[in-house]
Amino acid sequence: MSWLAQYNYWVVIVLMMTGFYIVIASGNLVKKLMGLTIFQTSVFILYISMGKVRGGTAPILEPDIDLYSNPLPHVLILTAIVVGIATTALGLALVVRIKESYGTVEEAEIQQKDNDQC
Amino acid sequence: MISATIVAVLVSMLLALVRAFMGPSFYDRVLAVNMFGTKTVLLIALLGFLSGRPDFLDIALIYALINFISVIAILRYFEYSNRKSSIQET
Amino acid sequence: MEGFWFVLTSVFLISGAFLIFTGAVGVLRFPDFYTRMHASSLTDTMGSGLILTGCLLLADHEWLVMAKLVMIFLFLLLTGPTANHALVKAALHSGLKPKLGAEPS
Amino acid sequence: MSVAIAVARTRDLFAATMLTGIYSLLSAGFFVVMDAVDVAFTEAAVGAGISTLLMLTTLKLTGQYESSSRPLQRIALVVISVTAGLLFYGFLDMPIFGDPAAPIHQHVAPRYIQHSAEEVGMPNIVTSVLASYRGYDTFGETVVIFTAGIGVLALLSYVRSREDVSQAALAPMQPHIILRIVSKILIPPILLFALYVQFHGDYGPGGGFQAGVIFAAAIILYAMIFGLDVTLKVVNPAVIQFLAALGVLIYASVGIVSLLSGHAFLDYSVLGHDAVHGQHWGILIVELGVGITVASVMLVIFFNFSSRVDKNQDSHS
């Protein structure tokens, strides 16, 4: 049963789909951003779990250890996390401005107001 | 021995999680989050010893710090939304 | 000597784990916020202290590791009660009454 | 995993924020199990700390509850089940978990693991890959962070009328004497710890990204307890903005120096008397630049968000 041994991917799929569901189904913009964060974290987990080597340890060299996990995904994800928070902050700033000019953060109501203006 | 402790910590994390889901009041959730954070600190310290590389206690330290800051932040933003009016009246 | 240290470490770790576990059960089972707080704050501080002491005994003379453990312990000792204090204070000010079997607000 | 589903289900956004905090702590724990200590470090500081904080601030501005209407629920379910099916099919071909023979471990990774010790001379492979082998990438990411900081500044620092600024900006937590004293005790060690993380990144988990976030977190703690006004006097926002640019500039100038000395951009080997020594200097300086930029951008973001909160509260009351 090879697909049971790939359980890390199934966890990733469930998380990713949960985030995706929030992004699509929720009308609240802040909630959408939360969904996006969950989605993002699932991608992080995907990368990190691919980098794991059975029996390996953290990639910090020590004389008496010779099996390490793959450091490359770690590097990519480390920077991705910080970039992710920066972009999330940008998104939240946009939400705040939307709230100030429309008075709401619900997608449907914003659409309504836009239609009224036209 | 370490693994037994880890199991106990994991179970109590689970219980704290249940409390965080159930609520019922806002403060119960904050309490559960705080407790969860403390458990995570212990868990990481223990995991370091289990894997035989206890050099990574920095992470546990940062957890303790972040946990404190986030509890304070939650309280600060929540409390002041209720109390701001009463302060301004006096 | 070896057996003695092993037993001592085990005692610290297991008693810490026991405290933590009872605290968690208390948080889950107690009827209102203040009793839950009581359960969590006391056991958290004491339990983590015990577990970290156990770890301290495990770290055989690696000074950096021991120093970090002591730092974590001090940090938890300072922040845990402080955070709980602030939490209770906020709850009390917001009008959450310590009543048994009260309806959750 | 179930936490994420709970996040999807709660309508109370405050509760959802707290659950995202827990979720992030959990995933950081997962990263520790997966040996990615550097990543766990970053995720703990960024995901659980700063991100929860920003979400809270935004909720303060936009209201706690979301409306219950979910018009797209049915379509969303269909879309995600189709996507999940496709992903499932795609992932069936992936190598099994923890397999040392997986293709990802075959290309550059063995080279990093085997040769970084003599080429860069640092125990922490993640740091040497981050700052040296893939220094160009990291430079790009630092610029992205800097740009995001500029974006937040452009969106939020705009002020409608001059007089409502700094009237009651984030009032200090006067009644909490215990909190004030404990924080006074804690903040210097936190700053010290941030510096330790910054300069110990060569040997253990840590580096510029994490240190910047911790440094910012200490100042944010100060701002939350003693009020934004006092903090803005201690930490001048103009200086912070200048520092954000300075960090990127430091990074870039390292690249320019190596370019001018006849090597490739960000080739550190010219900086010291031999190649490994130069690598040491280069990584140290570059990480310093990253740390400065990250810390100041985080602070810029936090200051702008929280001063927004006060302005809006004033206009409401």
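User: How many residues does the contact take from chain D and from chain A?
Analyst: The model is a predicted one, and two residues count as in contact if their C-beta atoms, placed from the backbone, lie within 7 Å. Counted in this way, the contact between the two chains takes 79 residues from chain D and 71 residues from chain A.

User: Which element gives the most to the side of chain D that touches chain A?
Analyst: The elements of chain D that each supply at least two residues of this side include α1 (2–9), α2 (13–33), α3 (37–62) and α12 (275–316). By class, the side of chain D that touches chain A has 54 nonpolar, 17 polar and eight charged residues. With 15 residues, the element that gives the most to that side is α3(D).

User: How many residues of α6(D) are buried?
Analyst: A residue is buried if 20 or more other C-beta atoms lie within 10 Å of its own. Among the residues of α6(D) that are buried are D:Ile125, D:Thr127, D:Leu130 and D:Tyr133. The helix is mostly covered, and the buried count is nine of its nine residues.

User: From which element does the largest share of the side of chain B that touches chain C come?
Analyst: In this contact, 44 residues of chain B meet 42 residues of chain C. Two or more residues are given to the chain B side by each of α1 (2–22), α2 (26–50) and α3 (57–89) of chain B, and the residues of that side divide into 30 nonpolar, seven polar and seven charged. The largest share, 14 residues, comes from α2(B).

Key. Residues are numbered from 1 along each chain as its sequence is written. Chains are lettered from A and ligands numbered from 1 in the order in which they are written. This is a predicted model: local features need pLDDT of at least 70, side-chain atom pairs count only at pLDDT 80 or more; totals for chains, interfaces and linings use all residues. Helices (H or I, at least four residues) and strands (E, at least two) are DSSP runs, numbered from the N terminus. Ala, Val, Leu, Ile, Met, Phe, Trp, Tyr, Cys and Pro count as nonpolar, Asp, Glu, Lys and Arg as charged, and the others, Gly among them, as polar. A residue is buried if 20 or more other C-beta atoms lie within 10 Å of its own, exposed if 12 or fewer, and partly exposed in between; C-beta atoms are placed from the backbone.
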